[in-house]
Amino acid sequence: TFSFVFDASLFQLFQPLLAGACLVIPDAEHGGDPKRIINDIRRHKITVLGLTPSLLALLLNEPDFEQCDSVRIVFCGGESLSEALWSKLHRRGGIEVHNMYGPTEASMEATYWTCVPGMRVSIGRPIPNVQAYVLDQQLQPLPVGVSGELYIGGAGLARGYLNQPELTAERFLPD
């Protein structure tokens, strides 16, 4: 349950509707209350959740979450999904988990990863029409497994910062 001012809320709002599914929106006053969310999941038999890892952690800490057996898919984003949190959800069984990553400069998500038992949690691979590069300080590509800086390009990338040409020139490179 992302805030409506957060770009990821577009995915949460329109994806279910485009698929012909029902959309359940928690009221703003109690939207982050784990007990209320669990009650909504049970009452509406919600099958797909989209939430931040910190809210997922709160749900998993509630004993009543075990009764949310309708949940089949969880999309996480907005924060880093830890190995410990993924493991805890995986132990619950029967839930497919997708980790999504996208910085502010990319529209909604730039990368996507389906969590797999026995594999580390990752920000994944670029979504269609997006390129992701891990580069060194000289902007040269690095081999797989070598740490560097993540650069994103493609259709979903912003063209710059509004009315901030200096910052745009510093942070955006021609691609």
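Reader: To start, what share of the residues in the protein is buried?
Author: Buried residues make up 30% of the 175 residues in the protein, where buried means under 20% relative accessible area, exposed means over 50%, and partly exposed is in between, using a 1.4 Å probe and protein chains only. This is a predicted model, in which local features need pLDDT of at least 70, side-chain atom pairs count only at pLDDT 80 or more, and totals for chains, interfaces and linings use all residues. Residues are numbered from 1 along each chain as its sequence is written, and side-chain values use heavy atoms, with hydrogens and water left out.

Reader: OK, and how many helices and strands are there?
Author: The protein has five helices and seven strands, and from the N terminus on they run α-α-β-α-β-α-β-β-β-β-β-α. Both kinds of element are DSSP runs numbered from the N terminus, with helices being H or I of at least four residues and strands being E of at least two.

Reader: How many salt bridges does a search of the whole structure find?
Author: The search finds three salt bridges, a salt bridge being a side-chain nitrogen of Lys or Arg within 4 Å of a carboxyl oxygen of Asp or Glu. One of them joins E62 and K35, whose closest N and O atoms are 2.8 Å apart. Because E62 lies in the loop between α3 (53–60) and β2 (73–76) while K35 is in helix α2, this pair ties together parts that are 27 residues apart in sequence.

Reader: Is E62 buried or exposed?
Author: E62 counts as buried, because its relative accessibility is 17%.

Reader: Which side chain does R43 meet in a salt bridge?
Author: R43 meets the side chain of D40, with 2.4 Å from N to O. The two are three residues apart in helix α2, so about one helical turn separates them. D40 is buried, with a relative accessible area of 15%, whereas R43 counts as exposed at 55%.

Reader: And what does E170 pair with?
Author: E170 forms a salt bridge with R171, the closest N and O atoms being 3.3 Å apart. E170 counts as exposed at 54% relative accessibility, and R171 counts as exposed at 51%.

Reader: New topic: which residues have a positive phi although they are not glycines?
Author: Among them is N129, with a positive phi of about 70 degrees, which sits in the loop between β5 (125–126) and β6 and counts as exposed at 58% relative accessibility. Another is L139, with a positive phi of about 65 degrees, placed in the loop between β6 and β7 and partly exposed at 39% relative accessibility.

Reader: What about V144, where is that?
Author: V144 is in the loop between β6 (130–135) and β7 (149–154), and at 87% relative accessibility V144 counts as exposed. The C-alpha atoms of V144 and F65 are separated by 38 Å, the two residues being 79 apart along the chain.
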